[in-house]
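User: I would like to go through this entry and ask what the terms rest on. Please set each value against its definition.

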Amino acid sequence: MPSLTIAEQTRLARLATDRVRRAAVARLLSSRLLRWRYGAPVADELLIVPQELRTADPSFADEIAIGQFGFAGAVAYIGSGSPFDLKPPSPEWERELHGFGWLRHLRAAETDEAREQAVDLVLGWIRKHGSGGGVAWEPSVVARRLISWISSAPLLLDDVDEATYDRIADSLGDQLIRLSATWRDAPAGYPRLLALTALVLADLCVAGHDRHLNEIMEAFSHELETQVLPDGGHISRNPGIPVELLLDLLPLRQCFAVRDRPAPPALGAAIERMLPFVRFMRLGDGSLARFNGMGSPNLDLVATVLAYGEPLTRLPAHAPASGYARLARGGTVLIADVGSPPKLELAGEAHAGCLSFEMSSGRCPVLVNCGAPGPADQDWRAASRATASHNTLCLGGKSSSRLVLHNLLETLVGSAPIRFPDRVGVRIRDLPDGGIQLKAHHDGYRRQFGLIHRRQLILSPHGDRLTGLDQLGPIRGALRFSVDVPFAIHFHLNPDASCSLSRHGDQAEIRLPNGERWGLTAKGAQISIEDSFHCADLSGPRRALQIVLRGACYGESEVNWELARRA
């Protein structure tokens with residue numbers, strides 16, 4: 001277990017102090033003595049209803065009608081009872097339940113029965129949890145619930161009796177006041193920005209809260225500028241978070257326009273940065289590359305947000321702030337991780353995949369990382385974060401990043417973060433023949449083995465050949481181990497692909513679902529085909545195959561390989 005450096009100990013102390021301070025401020029501002037600062041705890045009138053961009057499934061109403069509540073990868077059977085009386089099957093399921101994002105499915109059903117179900121469930125939540133605590137009142141959960149209730153206001157408030165209207169409106173106002181006081185206690189990163197987004201949206205939509213809007217917009221703008229990097233990626237390096245942010249920020253921007261109020265400049269700027277980044281991270285099938293916590297892709301949501309941006313004539317080859325590279329020639333797209341992990345407090349979901357890449361040919365993925373598992377498959381989480389679950393070199397069976405196992409830090413972050421590599425170098429250039437070259441290196445293995453991993457990738461002008469070079473060696477001079485250290489270069493296949501070795505074992509052939517065939521050859525390592533797994537699938541982890549180049553490093557090693565499309 002790696003011990004904390006002095007710098008990390010200092011940062012941990014600051015994180016702990018900041019968490020205590022934020023929690024104390026939240027408790028103080030939540031007191032009856034100071035809650036008046038956020039306006040009256042009522043929401044008698046909604047001035048506007050924001051658009052819901054997330055896709056809806058009307059059949060969800062039929063599932064509820066027979067007593068099934070299925071989300072976050074788990075299904076709870078409630079019979080004729082209430083889901084709020086159940087023991088939750090998982091923490092993620094519980095948060096989804098209390099966040100009420102599923103109300104959009106009932107609204108989409110457009111039936112009287114679905115409307116009655118929605119109102120009854122909201123009233124049931126108010127009776128059971130309206131004045132309580134626990135998961136239901138975590139800032140990020142309150143934020144999602146506020147956004148969901150306001151977006152579904154016609155479903156909940158139209159044509160209901162006065163008593164029902166008052167109970168829902170009073171609860172909505174109380175939640176808005178509570179979140180105004182407690183958003184500071186949200187964990188760093190996306191949860192805190194979500195809380196602020198919900199507050200700005202609610203203050204715009206609920207009559208009588210304009211005064212607080214001006215105050216909260218300053219904090220909202222600061223978080224946007226901090227969390228959305230100059231190239232449009234999120235500070236956590238998870239490619240999926242910009243999509244989630246856009247699904248809330250695009251309707252928020254429209255609310256400013258409808259209210260005829262100027263949106264904070266940080267809002268428009270963040271949207272304009274994120275839209276090209278989402279396009280940058282897409283493979284040929286429309287999915288986002290599976291790096292740093294990215295799981296099963298929702299292609300509909302990606303397409304939805306991209307409809308709000310203008311297609312670029314040419315995407316850049318490098319997103320330096322986010323640490324990703326994109327090589328595209330012909331119909332082939334390759335996206336590589338060329339960045340260090342985020343800060344410790346944001347690295348709880350990060351993966352040890354430095355210098356790994358994913359590749360698609362046309363609309364068919366060829367090589368994919370194993371990806372992050374869904375909420376119901378967290379037993380796979382540790383394995384999915386390892387270097388061996390990515391398309392890169394793994395030395396001595398060790399990951400290039402190390403888990404930081406520290407009880408206090410895990411409590412603050414929510415899970416064990418990773419650290420290393422500290423230094424990642426990258427250079428991308430167009431070649432005279434029309435191809436494109438990526439050269440990169442990282443020092444993730446320097447502390448344990450004294451070695452630097454260097455990788456070169458060259459994509460041919462027509463995208464029909466990828467040439468690779470993986471090297472291990474010291475920073476300078478020569479190095480000789482007393483015992484050779486094994487290495488493995490992994491190529492995880494699209495789970496729908498098949499693979500076989502040639503008769504002499506010197507070439508592997510990949511057969512894609514679209515009928516294409518790709519051959520992989522190597523010099524300096526032995527080719528094998530081995531079992532793998534793929535976590536980033538809506539149905540859960542799936543069996544897959546991988547091509548592995550195995551060899552031994554005596555202090556310096558070099559492997560040349562080529563992946564070429566066959567006629």
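User: Which residue stands opposite Cys 499 in β17?

Analyst: Ile 510 of β17 stands opposite Cys 499. Strand β16 (residues 498-501) and strand β17 (residues 507-511) run antiparallel. This is a predicted model, in which local features need pLDDT of at least 70 and side-chain atom pairs count only at pLDDT 80 or more, while totals for chains, interfaces and linings use all residues. Residues are numbered from 1 along each chain as its sequence is written, and side-chain values use heavy atoms, with hydrogens and water left out.

User: What makes β16 and β17 a pair, and how many bridges join them?

Analyst: Strands here are DSSP runs of E with at least two residues, helices are runs of H or I with at least four, and both are numbered from the N terminus. Two strands pair if DSSP finds at least two bridges between them. β16 and β17 have 4 bridges, so they meet that condition. They form a hairpin with 5 residues between them, and Gly 505 in the turn has a positive phi of about 75°.

User: Which sheet holds these strands, and in what order?

Analyst: The order is β11-β12-β13-β14-β21-β18-β17-β16, an open sheet of 8 strands with antiparallel pairing.

User: Which are its edge strands, and what makes them so?

Analyst: They are β11 and β16, since each pairs on one side only. With direction ignored, neighbouring strands of this sheet are turned by 15° against each other on average. Within it, β18 (residues 517-523) and β21 (residues 557-566) are joined by 7 bridges and run antiparallel; there, Thr 521 stands opposite Glu 562.

User: Why is Gln 456 called buried?

Analyst: Buried means under 20% relative accessible area, exposed over 50%, and partly exposed in between, with a 1.4 Å probe and protein chains only. Gln 456 has 19% relative accessibility, so it counts as buried. The residue lies in strand β13 (residues 452-459).

User: What does Gln 456 touch?

Analyst: Contact means heavy atoms within 4.5 Å. Leaving aside residues up to four places away in sequence, Gln 456 touches Gln 437, Leu 438, Lys 439, Thr 467, Gly 468 and Leu 469.

User: Where does α10 bend, and by how much?

Analyst: The bend is about 30° at Ile 216. The bend at a residue is the angle between axes fitted to the seven residues ending there and the seven starting there. Ile 216 is also one of the buried residues of α10, which include Leu 213, Phe 220 and Leu 224. Their cover includes α8 (162-182), α9 (190-205), α11 (241-258) and α12.

User: What is the order of the open sheet of 5 strands?

Analyst: The order is β3-β4-β5-β6-β7, with antiparallel pairing. The edge strands are β3 (318-319) and β7 (364-367). Helix α12 (residues 265-280) packs on the sheet, touching β3, β4 (324-329) and β5 (332-337), and its direction makes about 60° with that of β4. Such axes are lines fitted to C-alpha atoms, for helices over the stretch in contact, and angles run from 0 to 180 degrees between N-to-C directions.

User: What is the mean pLDDT of the protein?

Analyst: pLDDT is the predictor's confidence in each residue, from 0 to 100. The mean is 92, and 95% of residues reach 70 or more. Over residues 33-38 the pLDDT is below 50, and this stretch has 18 contacts in the model beyond near neighbours in sequence.
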